[in-house]
2 protein chains.
Amino acid sequence: MFNTLDRKDQLTIVAQQLFKDKGYAGASMRDMAQNLGIEAPSIYNHVASKQELLSSICFNIANEYLSIIKQIKKSGYNHPALILQSIIEAHIKVVTENIEASAVFHNEWRFLEEPNYTQFIEMRSDYEDYVESIIKEGVSKSIFKTNNTKLCTLSLLSTLNGIYHWYNPKGDLSAREISHNILNLFFLGLKR
Amino acid sequence: MFNTLDRKDQLTIVAQQLFKDKGYAGASMRDMAQNLGIEAPSIYNHVASKQELLSSICFNIANEYLSIIKQIKKSGYNHPALILQSIIEAHIKVVTENIEASAVFHNEWRFLEEPNYTQFIEMRSDYEDYVESIIKEGVSKSIFKTNNTKLCTLSLLSTLNGIYHWYNPKGDLSAREISHNILNLFFLGLKR
DNA sequence: CCTACCGATCGGTAGG
DNA sequence: CCTACCGATCGGTAGG
C-alpha cells in the first residue's frame, strides 16, 4: 500500500485515518508511529507537530473547494443552474475522492490553532458565500425560487458534505450517480 | 443559570457543551469540574464515568428521534407526504431545542463503548429505515419521485442534522420558518 | 531512524 | 464535597 509513497505521504494518510477514527485529541502520535512501523519520536523528522498534520489536511481540502470556484470562473459559464450543477458535481468529486480527509475537514477543524483557525473559517466562508451568490443570481433571474438563499445554501452543502458519512468507494453507487440524483432532488424536488 | 437544576443536570449541561466544543477525548473531567466550581473527584458522586455522561447524552437524543416515530404511528396519518412533513418538523424541533446535545449526538457517538456503540447504531438505523420506508411508500403511490430512496433519505437527514452547525436560538430564523423552507426545498425543488 | 526521557495531564480511587 | 494520590498516557526534546 505504501510502496510508492515517501514517509511524509504515508504519514499524512495514516493521520487522516486516525484523526477520522479517533478524533484529533484522541489520536496519538504513538498510534501513527505504530501504523508506520516506527517509533513515535521518528515522526518528528517528517513533521514539526501534530498540529501541522491537522492543518495540512484541512487546508488541502479547503484549497480543493476554492479551486472549484476558480475553475468555474475560468469556464465562462454564466447560467446559474449550469454553474450550480458544476459546483455540485465538483464538490461531490472532492468528497468522494477524499473521504478520510473530508471527515477530518468537517469534524476536526475546530482543533486548529490560531492563526490557522481563523483562516480556515474565512476560506470556508468564501466558498459558502460563492455558492449562495450563484443561488441568489438564479433567484433574481427567476430560474430558482426560494425564500431564503442562505438556508438553501446551507441545506445543499450539508447534503454534499454529509456524503463522506456513508459513501463507499467500493460500493455500487458512483460519484456520477450520486451527483445525478442529488441534482434531481435539489432542482426538481421529491414531489410529483 | 443553574439555580433550579440539581448537580446532575448541571453536569449534563456542562458535559454537552464541553463535548461539543472540545470533543469527547479533548474534554476533561477537570474542565467540567471547573465549570461547576467543584473539584474533579467530586463529579464521581453524580456519575460513574465520563463514558456514562456521553452515553446518556447520546441516548437521550436517540430516544427523541424514536419517539417521533411512535407519535406519528399513533396519529393515524397515512399519507406519505403528510407523514414526511411531520417527521421533518419534529426532527427540526429536536435539533433546534437540543443544539449542544445534537452536536454530541452526531460527532461523538463513535466514542461510545460496547454494548452502547452497537445499540446506538441500531437505534439510528431504525430511524433512518423508517424515514426511508415513508419515502418508498410515497414513490410506490406516485406521490414522490426519486431514483434512489436511500440516497434521498440520507440527503434529507444530512440537511436536517446539519442544522445544529448554524442554528442560532436567538437569531431571527425560527424552527417553524426553517421547517417551512426546507419542506419547500425538498418537496418542490429549487428550479422554477 | 533509535533510546531515553521530560513535564503535563488524563480518568479515576481511597479515605474522610 | 474535599485532599491526596495512583498508574497510564500524552506531545515533544536531547542526543546520537
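**DNA contacts and domains**

Author: A phosphate oxygen of DNA strand D sits 3.3 Å from an N or O atom in the side chain of A:S28. A polar contact here is a pair of N or O atoms within 3.5 Å; within protein, one must be able to donate a hydrogen and the other to accept it, and residues adjacent in sequence count only if both atoms are side-chain atoms. This is a predicted model, in which local features need pLDDT of at least 70, side-chain atom pairs count only at pLDDT 80 or more, and totals for chains, interfaces and linings use all residues. Residues are numbered from 1 along each chain as its sequence is written, chains are lettered from A and ligands numbered from 1 in the order in which they are written, and side-chain values use heavy atoms, with hydrogens and water left out.

Reader: What does A:M29 use to reach a phosphate oxygen of DNA strand D?
Author: A polar backbone atom, at 2.9 Å. For A:Y44 the distance to a phosphate oxygen of DNA strand D is 2.9 Å, from an N or O atom in the side chain.

Reader: How many residues surround DNA strand D?
Author: 15, counting a residue as near if one of its heavy atoms lies within 4 Å. The closest are A:R30, A:K50, B:R7, B:S42 and B:N45.

Reader: Which polar atoms lie by the phosphates of DNA strand C?
Author: Among them, a polar side-chain atom of A:S42 is 2.5 Å from a phosphate oxygen. For B:S28 a polar side-chain atom is at 3.3 Å, and for B:M29 a polar backbone atom is at 2.9 Å.

Reader: Switching topic: what domains does chain A have?
Author: Domain 1 (1–47) and domain 2 (58–188), with bounds from an automatic or database domain assignment. Their centres, taken over C-alpha atoms, are 28 Å apart.

Reader: How many residues are in contact between domain 1 and domain 2 of chain A?
Author: Six residues of domain 1 and seven of domain 2, with contact meaning heavy atoms within 4.5 Å.

Reader: How many salt bridges across that interface?
Author: Zero, where a salt bridge is a side-chain nitrogen of Lys or Arg within 4 Å of a carboxyl oxygen of Asp or Glu. The count of residue pairs in polar contact is one, both residues at pLDDT 80 or more.
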